[in-house]
Amino acid sequence: MKTTVDFQKERLSAGQKVGVINLGCARNLVDAQMMLGRLKKNGHRIVEADQAQTVIVNTCSFIEEARKESIDTILDLIELKRKGKIKKVIVAGCLAQRYGKDLAREFPGVDAFVGTPTLNREEMPQQLQLTPSHFAYVKICESCFNACSFCAIPKIKGKFISRTIESIVKEVKSLDAQGVKEINIIGQDITAYGMDLYRQKSLARLLKELVKVTQNIEWIRLLYAFPSHVTDELISVIAQEPKICKYMDMPLQHISDHILFEQNRNITTQQTIELIQKIRSAMPQGFVRTTFITGLPGETSEDFEQLRTFVRDFRFERTGVFVYSKEEGTKAADMPGQVPEKTKKARLDTLMKDQQAISTEIQQSLVGRTLKVLIEEKENLVLMPDTHSCSSFPNASVGNPGHGECTYIGRSEYDAPDVDGVVYVRTKAPLKIGHFAQVMITDAYEYDLAGVAA
């Protein structure tokens with residue numbers, strides 16, 4: 001299997017129409033952008049997948065559900081090729097990286113398996129941006145510095161690698177010059193940034209440099225912090241720098257001491273509590289997004305009740321819950337005390353029910369506040385002739401716009417793209433997509449908000 005993305009060697013004829021289907025997380029999206037950037041440089045025409053002669057599917061294999069989605073997509077593309085609707089199928093990404101040889105035997109209709117692109121330390125990656133023009137993802141590192149017992153990422157991605165500060169600054173300056181308003185800093189563990197390259201945790205240092213060079217960018221968002229790598233300096237920089245979103249995305253996974261130890265999380269219950277207290281103290285109005293896993297090997301009913309109590313007590317603003325997925329080649333896969341699937345799912349449902357009540361209360365507390373909102377799209381919008389005012393269709397669904405009003409959709413600094421809720425904005429005057437508006441919140445829902453443009 002080829003483990004680097006060299007599409008020249010896949011004999012794609014010059015000018016061929018190529019499309020990509022991206023599956024998985026934002027990190028995968030950046031990989032897809034890198035693939036398309038290289039293809040465009042080599043003279044290929046980039047089109048939507050349904051118009052392409054060659055389709056690349058950028059796969060995910062993080063958990064079983066992601067692998068199933070990837071396999072189903074591959075099968076669909078092979079069928080399109082059989083019917084003559086596309087000429088070539090190329091499978092890229094984590095699934096190809098991990099299981100390329102097996103997949104090649106299983107799916108002879110696939111033309112190539114190319115794995116994941118390599119992150120270059122020194123150079124700014126050539127990318128074709130797939131996000132809207134007002135926000136972008138910036139990958140600063142690859143793989144994970146930790147080795148959690150349940151996770152296969154280090155086996156898929158290899159050794160942890162950080163980009164140089166200079167290359168990241170260059171990329172961010174380029175995005176800033178293009179008028180991007182928000183950058184999302186990503187990696188499997190951004191809080192380990194620099195530990196390989198500079199022999200110390202260097203995310204705070206990087207952020208200080210990015211703040212200096214940005215003019216148009218007003219939001220810098222941090223995604224995927226590893227709890228035991230979060231430093232006091234980092235918390236201080238996030239709290240003090242106006243451009244950095246007061247939003248900490250930090251998967252905790254569990255709170256039971258013995259589960260944390262067995263899963264090699266390198267943090268204790270008490271250390272976790274103290275970390276959250278530091279974050280809350282430094283950013284009283286900040287939001288914490290986290291995730292938990294139910295049914296990790298050895299999780300008892302007492303462990304789960306401890307987790308429930310923890311969630312109720314600390315009232316996280318954003319919480320996702322996953323059932324444990326047994327990953328081939330990981331330590332956790334061979335651990336005793338495997339929890340039945342039915343129990344794992346029941347615990348997930350219970351925890352999410354607890355969180356839904358918390359989320360609703362937190363959302364309601366935002367009613368009456370004015371939030372800065374990045375406007376991303378318009379809903380049921382028409383412009384009235386001559387007046388340039390807005391009018392909504394009769395069935396406008398959210399926020400009950402009145403006569404002459406329309407509704408836009410945006411995000412606050414507390415909402416990351418694609419994973420959190422949105423803000424529905426009512427206004428009588430047109431708003432600019434990709435620009436900010438001050439919005440007074442009038443209504444709250446379980447995950448979304450609605451308000452009126454000031």
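Against which elements do the buried residues of α5 pack? In this predicted model, the buried residues of α5 pack against β6, β9 and α6.

## Overall dimensions

The protein contains 11 helices and 20 strands. Its radius of gyration is 23 Å, close to the 22 Å given by the globule rule for 454 residues, so the protein is as compact as a globular protein of that length. The C-alpha trace spans about 60 × 60 × 45 Å along the principal axes. Of the 454 residues, 55% count as buried. Among contacts with a separation of 6 or more, 76% come from residues 24 or more positions apart.

Helix α5 covers residues 165-177. At 1.5 Å a residue, these 13 residues should span 18 Å, and the end C-alpha atoms of α5 are 18 Å apart, which agrees. The buried residues of α5 are I165, S167, I168, V169, E171, V172, L175 and D176. An α-helix has 3.6 residues a turn, so residues three or four places apart point the same way. Just after α5, G179 takes a positive phi of about 90°.

Helix α1, at residues 26-41, can be examined by the same rule: its 16 residues should span 22 Å at 1.5 Å a residue, and its end C-alpha atoms lie 23 Å apart, which agrees. Of the 16 residues in α1, 13 are buried, so that the helix is mostly covered. The residue G43 follows α1 and has a positive phi, near 95°.

## The open sheet

Six strands form an open sheet in the order β6-β9-β10-β11-β12-β13, and their pairing is parallel. The edge strands are β6 (135-139) and β13 (318-323), each of which pairs on one side only. From one strand to the next, the twist averages 20°. Strands β6 and β9 (residues 182-186) run parallel and are joined by five bridges. Within this pairing, V138 has I185 in β9 as its bridge partner. Helix α6 packs on the sheet, where it touches β9, β10 (219-222) and β11 (244-249). The direction of α6 makes about 165° with that of β10.

## Nonpolar cores

Which residues have the most contacts inside the largest nonpolar core? They are I140, I183, I185, I220 and F310, in a core of 85 residues. Helix α6 (residues 203-213) gives the most to this core, contributing six residues. Another core, of 18 residues, lies apart from it and includes L23, V47, L77 and I78. Leaving aside neighbours within four places in sequence, F310 is in contact with L252, I255, T272, I273, I276, F292 and F316.

## The barrel

Five strands close into a barrel in the order β14-β17-β18-β20-β19, with mixed pairing. The twist here averages 50° from one strand to the next.

| Strand pair | Sense | Bridges | A partnered pair of residues |
|---|---|---|---|
| β17 and β18 (residues 423-427) | antiparallel | five bridges | Y408 and V425 |
| β19 (residues 436-444) and β20 (residues 449-453) | antiparallel | five bridges | M440 and V452 |

Is strand β17 largely enclosed or left open by the rest of the structure? Seven of the seven residues of β17 (residues 406-412) are buried, so this strand is largely enclosed by the rest of the structure. Both faces of β17 are covered. On one side C406, Y408, G410 and S412 are buried, and on the other T407, I409 and R411 are buried.

Definitions and conventions: Residues are numbered from 1 along each chain as its sequence is written. This is a predicted model: local features need pLDDT of at least 70, side-chain atom pairs count only at pLDDT 80 or more; totals for chains, interfaces and linings use all residues. Side-chain values use heavy atoms; hydrogens and water are left out. Helices (H or I, at least four residues) and strands (E, at least two) are DSSP runs, numbered from the N terminus. The expected span of a helix is 1.5 Å times one less than its number of residues. Buried means under 20% relative accessible area, exposed over 50%, partly exposed in between (1.4 Å probe, protein chains only). A nonpolar core is a set of buried Ala, Val, Leu, Ile, Met, Phe, Trp, Tyr and Cys residues joined through side-chain atoms within 4.5 Å. Contact means heavy atoms within 4.5 Å. Two strands pair if DSSP finds at least two bridges between them. Axes are lines fitted to C-alpha atoms, for helices over the stretch in contact, and angles run from 0 to 180 degrees between N-to-C directions. The radius of gyration is taken over C-alpha atoms; the globule rule is 2.2 Å times the number of residues to the power 0.38.
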